[in-house]
Amino acid sequence: MAVKDPTAVERANLLNMAKLSIKGLIESALSFGRTLDSDYPPLQQFFVVMEHCLKHGLKVRKSFLSYNKTIWGPLELVEKLYPEAEEIAASVRDLPGLKTPLGRARAWLRLALMQKKMADYLRCLIIQRELLSEFYEYHALMMEEEGAVIVGLLVGLNVIDANLCVKGEDLDSQVGVIDFSMYLKSDDDIGGKERNEQIAAILDQKNYVEELNRQLNSTVSSLHARVDSLEKSNTKLIEELAIAKNNIIKLQEENHQLRSENTLILMKTQHHLEVTKVDVEAELQTYKHSRQGLDEMYNEARRQLREESQLRQDMENELVVQVSMKHEIELAMKLLEKDIHEKQDTLIGLRQQLDEVKAINMEMYQKLQVSDDAMKEKNEIIGRLEDKTNQINATMKQLEQSDKDLLTQTRTIAMSFVKCASNEAQHQYKLVKDISF
């Protein structure tokens, strides 16, 4: 035998219990014949069964102190999906005796039943499977087809009138246990099949009448809105018609006035035309006499125009030449500026070379000073040793003579090197001075 899924079995059992609970509640309420209150046993069992259905597959949520399962989370989500549920959610939060989320959820179910909106609220909830997945497992009753079936069964509860006192009831500490003895059939129940069929027919008729009443109410509201819009548009059209009639009357008066003015203007124009005709004939005679002088003036003006045109053409040609010369001058200036920049760069390089030469000259001069000091010391030593050299033999005199010759050559070489360096520095200075000028 194939092993059945335990979650599917749980969903089927809860669906059957919901069917039995809803059916038993409707049948007992119709036979009871008055408004139900909180102490009515079938109604209490219905809330217990609904609580088990909503708890099936609920995810364990971690709270501050421990882990818990609560159905208040998904029920609180209804007010975001169904705007009419905001009032019931606010009423539940304002109840002073409720301390736990489970108590708020039980109060919410009772208020939804009294409003006859429980089926509508839960239908909006099961449509949003993505939002429900935050609270339920994928195999939960509210995530499967059984949830939609239970929501459809809840529509039948609209035939029940419930008057429940939620404010003073202790909903936090109630223990939800299903009493199966209420749903076990007896011999009397089996014998009352016809009575059940009659009740079912009556319920169907009542549901049909209520649904028809809802449709008629929506149709009447839409017709009222349409009538209001038509009345507003009719009033607006009447006002526009009155304004149009006044405009037509004003236009007719203006037309009559314009016609009379047109007739008067026509008469004045004819009289003025006759007077103008006489004046034109006189002016024509005067024009014929003055035309000859005007022809001569025209020829003279034409000649002057030609001269002025020729002069203007010459000026334009000269202007073109001046513009081209200006462009050439600008180009020459750019080249000259470039040449000046290059010469400035060269001058800077020469100045650097001059500084280097000066540094070399100073270094050579310092070396020369050191050499002169050394020669002076040697001369002093030689002077002191001259007394002793008189006592040395002829060989020492020859050595002294060779030493003097060597010193003379050294001085000559040093002076010639200094002179050459000085001449080179003067040449560089003249070259820099010529370039700067």
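1. The largest nonpolar core has 62 residues, of which Leu43, Phe46, Trp108, Met118, Tyr136, Leu154 and Leu157 touch the most other members. A nonpolar core here is a set of buried Ala, Val, Leu, Ile, Met, Phe, Trp, Tyr and Cys residues joined through side-chain atoms within 4.5 Å. Buried means under 20% relative accessible area, exposed over 50%, and partly exposed in between, with a 1.4 Å probe and protein chains only. H1, H2, H3, H5, H6, H7 and H9 each give two or more residues to this core. Helices (H or I, at least four residues) and strands (E, at least two) are DSSP runs, numbered from the N terminus.

2. The model is predicted: local features need pLDDT of at least 70 and side-chain atom pairs count only at pLDDT 80 or more, while totals for chains, interfaces and linings use all residues. Numbering starts from 1 along each chain as its sequence is written, and side-chain values use heavy atoms, with hydrogens and water left out.

3. Just after H2, glycine 57 has a positive phi of about 70°.

4. H2 is largely enclosed by the rest of the structure, because 11 of its 15 residues are buried. Among them are Pro42, Gln45, Glu51 and Cys53. The cover over the buried residues of H2 includes helix H1 (6-32), helix H3 (72-76), H6, H7 and helix H9 (145-154). Leucine 43 touches Leu25, Leu36, Asp37, Leu113 and Leu164, leaving aside residues up to four places away in sequence; contact means heavy atoms within 4.5 Å.

5. There are three aromatic pairs in the structure. Rings of Phe, Tyr and Trp (its six-membered ring) pair if their centres lie within 6.5 Å; planes under 30 degrees apart count as stacked, over 60 as edge-to-face and the rest as tilted. Tyrosine 82 and tyrosine 121 are edge-to-face, because their planes stand at 75°, with ring centres 5.3 Å apart. This pair links distant parts of the chain, 39 residues apart: tyrosine 82 is in the loop between helix H4 (78-81) and helix H5 (86-94), and tyrosine 121 in helix H7 (residues 118-127).

6. Tryptophan 108 and tyrosine 121 have ring centres 5.6 Å apart and planes at 45°, so this pair is tilted. Both residues are buried. Tyr82, Trp108 and Tyr121 form one aromatic cluster.
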